[in-house]
Amino acid sequence: MDSCVPLPMEPKVLQEITEKAKDYALMHGICMRRKDAFDRDALHFAPFLLLPSAFPKGEFERACQLQTILNELMHKVAHDREFLIATLAQTVKVDEFTRRLVDIYNTVAQEGVAQPLSLGLLRSDLMLNVGPCDGPAFCCWHQVEINTIASGFGWLGPASGLIHRSDYFLCCGKGVIQQVEFNSIASSFGGITSYLYKAHKFVLGELGRKDLLDRIPENNSLSGLSGAMLEAHKIYNQPKAVILFIVEDVTYNICDQKFHEFKIREMNPDVFVERKTLTEVANEGHLDNQKRLFVDGKEIAVIYFRCGYSPDQYPSEREWDARLMMERSMAIKSPSIHYHLAGTKKVQQELALPGTLERFCDDPEKIKSIKSIFTGLYTLDKGEEGDKSVAMAMKNPERFVLKPQREGGGNNTYGDDIPPFLESIKDSEERNAYILMDRILPPKTMNYVVRPGHEKAELKEVISELGIFGYVIGDQNRIISNHQVGHMLRTKLSHVNEGGVAAGLGALDSVFLV
Ligand code: ADP
Ligand code: MG
Ligand code: MG
C-alpha cells in the first residue's frame, strides 16, 4: 500500500522531522522505561513509525463495527461454563498454567460466585490478509489498484528507485481483515496510542500536509477504557473503594499504565487508583466476612490486571493465592477468571469450528460477519483431526503459525521451526497444549522506523497489526454496557515473525485511512 507522503523523504527534511517527532513523543509520554539500562526515574520514547501507516478505510470501519459483536460473543463464551470446561479439557491435561486458572474457576464456582458482574476490557487484533501470490494476474490486479489509490497524493512508485523488487507488488493488495487473536487480559497501548495519533497529525502538519489530517481517525481508547473502569466502580457502589491495578514487579510499559491512572483521576477525582503486585496483594490483602477485598486497608471496587497472564508472573504459591483471593472477592475484575479463559487460543480455535458460533449467537448476519474475520484454525489434540493438522503443517510449514496458550508475545513457532517442533511433541499428549493457525500475509508498506538510541529514522519494509478496543460490563444473564472504544496500530519489519514493541522489532503506529 501507499505511503501518505512521497518516499524517500529528502534527507534534511527527514532529519528535522524525525527530531521534532522524537521530541513530541518524549513530551507527550509516548515513552517506556529502558530495559537495557533500567532507571526508575528515566524514560525514553517508545519505538514508533514516523508516518502513520496506510490502512483501507472500509476494512478499518468494518473492524470497528465488528467490535461490539465480538464483545458480546466473548461475554457469552466467558459465561458458558460447559463450553469452557469442555474446550479446555485436553489442554489442562498438559498445560499446567491453564490448569491452574481452571482450578481457580472451579473452586470459585463451587464456593459460589460473590461478584456476578465482569468487566471485559478487550482488544481484538487483526491483520489485513492479502494471501500468497497466485501469479501474474494477481499481481497486475494489485498494481492497477495501487495506482488508482495513489493518484490523489504522493506515492512511492517505481520511479523513486526504491521499489524494484517484484515481491513488493505481489503483496501490495489491500487485503481483508482477519483476526490474529482476541485479548481479554492486560491488553496494552490504549493509553499511549491515544496520544500517538496526535503526534502523527503534528508530523503531517509540519510536512505541510494539513490536507491529510482528517485521514487519521480520532482515537479515544484511553478515555474509553478508563471510563469503563469508572463505570464498574460506580456499579460497585462504595464511593470510598478504590481501583486496583495489578502490576509487574518492574513495569517497563509504565506510561501506558499511568495514562489510565491519571485519566481515571481526571475523570473522577473522588476515585483513587492503587498499584500492587500479586505478591503485595498476597501480603497486604484479605477478604472480610462478606468477601469484600481489602488491600493495605483499602476496599477494592475494581481490579485491572496488567499482570498475571504469564506463568513467570506467579513465582510462588503466594501469587496464586492472591489470584484466588481476588477471584473469590466481591471486587469487579477485569478480567474475571472466566474472561481470562475465554481469551485463550484454544477457545479461539474451537470457535472457528463449524457450528460453534451458532451456540452463542442466533443472528445469521452477525455469525456471517464474525466468520468473515476467522482464518483457518486447527486442533492439534491427539486424535484423528489433530493428526490431519500435524500432517498439513509438516507438509507446508510456511503456511502456518503454531501457538501455545500464552500471552505477551514471543511464544509462537513459525515456518521452518514448526516441523522439528511438531516432531518432538507429536507422539505425546503435550501437543494438546497447542493450536495451529493459518499464517496471515499482510500487505507490505514502506515507512520510517524511529527507535530510541538511533539518530536516524530508518526506511523499512513493514507490516501492521490493528487492535480494536472494546469493553463489556455484564453477568450471566445480561449485558449492561457494550462499546467499541478505540484502536491501536503496531507495525513491525515485514520479515519478522513477532514484533514486540519492547523488544525493538515492533513499533507503535497510527492508522492513515486510504
Ligand atoms: P500473543 O497473545 O502472545 O500476543 P499472538 O497470537 O498475538 O499472541 O501472536 C503474537 C504475534 O505473532 C502477533 O502480534 C503477530 O505479529 C504474529 N502472529 C500471530 N498469529 C499470526 C498469524 N496467524 N499470521 C501471521 N502472524 C501472526
Ligand atoms: Mg494476546
Ligand atoms: Mg497478540
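This is a predicted model: local features need pLDDT of at least 70, side-chain atom pairs count only at pLDDT 80 or more; totals for chains, interfaces and linings use all residues.
Let's start with helix H3, which covers residues 81–88. Which of its residues are buried? They are Leu84, Thr87 and Leu88. If you look down the axis of H3, these buried residues fall within an arc of 85°, so they line one face of the helix. The spacing makes sense, because an α-helix has 3.6 residues a turn and residues three or four places apart point the same way. Turn to the other side of H3, and you find Glu82 and Ala86, which are exposed. And what covers the buried residues of H3? The cover includes helices H4 (91–94), H5 (96–111), H13 (337–342) and H14 (345–351).

Now for the backbone, with two prolines to begin. The peptide bond from Leu7 to Pro8 is cis, and its omega is near 0°. You'll find Pro8 in the segment before helix H1 (11–27). Ser334 and Pro335 are also joined by a cis peptide bond, with omega about 5°. Pro335 sits in the loop between strand S12 (332–334) and H13, and H13 is one of the helices covering the buried residues of H3.

Last, two residues with positive phi. Ala186 is not a glycine, yet its phi is about 55°. Its place is the loop between strand S6 (176–183) and helix H8 (193–206). Is Ala186 buried or exposed? It has 26 other C-beta atoms within 10 Å, so it is buried. Lys291, another residue other than glycine, has a positive phi near 65°. Lys291 lies in the loop between strands S9 (285–287) and S10 (293–295). With 16 other C-beta atoms within 10 Å, Lys291 is partly exposed.

Key. Residues are numbered from 1 along each chain as its sequence is written. Chains are lettered from A and ligands numbered from 1 in the order in which they are written. A residue is buried if 20 or more other C-beta atoms lie within 10 Å of its own, exposed if 12 or fewer, and partly exposed in between; C-beta atoms are placed from the backbone. Helices (H or I, at least four residues) and strands (E, at least two) are DSSP runs, numbered from the N terminus. The arc is that of the directions from the helix axis to the C-beta atoms. Two residues are in contact if their C-beta atoms, placed from the backbone, lie within 7 Å.
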